[in-house]
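User: Hi! I have a structure to look at for class and could use a hand with it. Can we go through it together?

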Amino acid sequence: MADDGPNKYITLVSSDGFEFVVLREAACASPTIAGMLRNQMVEAKTGRCSFAEISSIILEKVAEYLSYRLKYKDKLDVPDLDIPVEYCLEMIVVADFLGLDEQMA
Amino acid sequence: MNKEVSEFEPCWDLLRSSLVDIHTKNASRLSFEQLYRASYKIVLRKKGDLLYERVKIFEMEWFRDHIMPVITELVSNNLVSTALVQPSGSSAHERRETGEKFLRGIRDSWRDHNMSMNMIADVLMYLDRTYTADYKKPSIFATTIGLFRDNILRNTLGSAVQDLGEPFVIFDILNAVVLDLINMERDGDNIDRNLLRNITTMLESLYETDDELEKQKLYLTVFEPRFLESSRAFYRNESERLLRESDTGTWLRHTRRRLEEEHDRCGTTISHLTAEKIAAVIDAELIVSKLDDFLGMEGVGLKNMIDHDRIEDLTIVYNLVSRVDKTKMPLKNALQRRVMDLGVEVEKTLRETDFSNPSANVAADGDDGGDKPKAQTLNAAAQQTAAAIKWVDDVLRLKDKFDNLCVTCFNNDLVLQSAVTKSFSEFINLFKMSSEYVSLFIDDNLKRGNKGRSDAEIEVVLDKAIVLLRYLGDRDMFERYYQKHLARRLLHGKSEIETEKELARRMRAEMGNHFTHKFDGMFKDMEISKDLSDNYRDHIRNLGDADSRRVDLGIHVLTSNNWPPEATRSSQDEGSKWKGKGDCIFPPEIRRLQDSFFKYYLRNRSGRVLTWVPSAGSADIKCVFPKVPGKETGPLSKERRYELNVPTHGMVILMLFNDLPDGETLSFEEIQAKTNMSGTDLVRSLASLSIAPKARVLLKEPPTKNIKPADKFGFNPQFVSKAIKIKAPTLNGVSKVEGEEERKETEKKNDQTRQHVVDAAIVRIMKQRKNLSHIQLTTEIITQLSSRFKPDIGMIKRRIEDLLVREYLERTEGDSTVYRYLA
């Protein structure tokens, strides 16, 4: 694990082994992920966050949301992010886990 | 049930071992996600409170077992006694060593604790977000950080207490050590600033209670008050010492340095929060308490600084005084006193200066320099004029000095500028001759003409004149003098008309039309007169009949209102014994000329009366001095032709001698009878023609220096002059300073005019307002007349009474202090 300074991208790893690469800045919208990356534990060192209880389908949507959020930050006329109905419940749970609830700015 | 408990315990075990790892800096093996998830699960299973308590207990135990021993060891007896008791036995060096070691220990343990707690709080983020917020408990971080405060800072250490006999906590030691180190730095030692900053940052992060209220940072509640108090004591001592040992300059610089130092300290050693408060302490102890003492110090205080233009010192004084007193009262008072003193000194110097030295005689009109019998009186007059010039120069120089101070040291401060201006006005108006002197100054400058001076230099002079004008309170006095001097300048052609007009224009802008009304009239008269002369000349030429003996006439017609009374009347009523009435008798040729012009003048105008003023005119006469028989060599052997310029009176006298046979003389009384001139005029004119060698075309018997009624005068055939064009000394050409009696005369006349002005003002005001009380009326009058002069209250009262008598006003029936206008 070469340490070349904070990498611009980090990897989110799902429970079934799928990896999603997102911008560090996008990912840190979640306080949980941010906490993971700022302390000197394993995640910070490797730049990989493994989520043992989040499936790939859901994690994919999360990754998409994080990028979407960063892209349209502070903009008007934002297009909706499509979340298929069958995933909504799990998304809510994961959102709570990751701290992505409405109290965030 | 079992499942619940078993779910909790494994999670807790995982978390607890991670806590240990974190505290022992072994966190790199841990997975954040795993720990986070563990706490997440606990909370979901509604065991958040249990987790909270367990964490709290764990931290307390950790403190007790791992951190406290280290600290206790640091707090040796030595440290305690040095820090809190400070026996004189320990040196600064020793205190610094032990102190810094202690601080380092505290800081390190704090740093570790802080870091660990941050990490732990992150891991337990979910707990904080849900359980803690819901149950309104302090966050994990706050609680555990608070443990540091409770277990370390507020801990008393059993054994050491017995030595001192009174309770104390580690916090006290901490504060004492920090303050001691700061004082050492103030005295010049080097300390570890970074260390202190760490400590103060720590104090900023700790709060009185776990509620973490902003205003209750330990820094603000415990450290800062002690810091300010210790600083206050320190600076109080310092200011005493400075007062005893050093002078104002040192004190100024020292204070400035301390201010900078403390400001610097507030970024590098302690918190920014204290910046303003410590500045206030310095202001109070170093500046306010000793300000008057230092400023008033003999020989080095404010007075001395002003006199010697100590720019840097004065700038510091200004800055320091501005910090503590918005009105800058001490500085303002000192400046005003100094201006007054220096201004009065200028007058004193003037009285003591000896102006008889010719090199100081800057105002001497070139023509007057040569006459010997008149030399004494003329020199006296010229001396006085020189005095006037000097006074003005000195005042202007003083003004420049203070202006310079205001710009360079006082940052163009308005309060100070207006204070200085007020003092200038005060001493200038105290000095009785200021109006006259200012007018003389302008007169002298304008008389020299524009040759040799660039436009810029002339500008400078005009500016100075206007500046002085602003200070004068008695503007109507000035107007009177200026009119007199201007008349002389214009009639004798002594100045550039353009410059005069420029100055008049500025005066108008500064003081209004009515002030320059007369002067404008005078300019206009001069212009019209020039046209008139030219036209008349053409008119005569066109009449044909070129007569070689015809006299060429140049005329100035003066509108009597505009010109000063001296110019428009002949000096008949100047205390002479001559009781003759009527004007000067002119020679027949001149009379013909006068009639001719009079006719010409009245061709287009009617209803005017022209009166000739011989005292103001001059004549160019061609003289022929024939060869003196018996002399074969030298100038007297030739015929000499000269052109003599004399005043009109002189011309009248000389023409008498044209008809006189050779060798005959005329006595003083005969001349007086033939010319009908007053004694004073006659004496003056005869003197210039018969006493001073420059224009001695008449011989006087006896050849004494004074003119007596018994003297006889005759043609001087032996008159020789080097120049072809000779100018007889003009006695009215020099504007000289008035003597005491003359000045009193002028003042009296001025007062009379003022009375009329006040009357007019009263009537005007009352007509407009119908009813006014006495006080209101007086105030109104003063306001309206302020641009002309400052009326005396007594005079106003008298004028009001006078108007009451004359039935312009009456008192109202109800209230006798209210007046009503009577139409």
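This is a predicted model: local features need pLDDT of at least 70, side-chain atom pairs count only at pLDDT 80 or more; totals for chains, interfaces and linings use all residues.

User: Thanks! Which two residues does the cis peptide bond join?

Analyst: The bond between B:Glu701 and B:Pro702 is the cis one, with omega at about -10°.

User: And where is B:Pro702 placed?

Analyst: You'll find B:Pro702 in a loop of chain B, between strand S4 (698-701) and strand S5 (712-715).

User: New topic. What is phi of B:Asp309 near?

Analyst: B:Asp309 has phi near 55°, which is a positive value in a residue other than glycine. Look for B:Asp309 in the chain B loop that runs between helix H15 (302-307) and helix H16 (311-324).

User: What about B:Asn412, what is its phi near?

Analyst: For B:Asn412, phi is near 55°, again a positive value in a non-glycine residue. B:Asn412 belongs to the chain B loop between helix H18 (375-408) and helix H19 (414-430). With 40% relative accessibility, B:Asn412 is partly exposed.

User: Now chain A. What is its mean pLDDT?

Analyst: The mean for chain A is 85, and 90% of its residues reach 70 or more.

User: Where in chain A is confidence lowest, and where highest?

Analyst: Helix H3 (residues 42-46) of chain A is lowest, with a mean of 88, while strand S2 (residues 19-23) of chain A is highest, at 92.

Note on methods. Residues are numbered from 1 along each chain as its sequence is written. Chains are lettered from A and ligands numbered from 1 in the order in which they are written. Side-chain values use heavy atoms; hydrogens and water are left out. Helices (H or I, at least four residues) and strands (E, at least two) are DSSP runs, numbered from the N terminus. Buried means under 20% relative accessible area, exposed over 50%, partly exposed in between (1.4 Å probe, protein chains only). pLDDT is the predictor's confidence in each residue, from 0 to 100.
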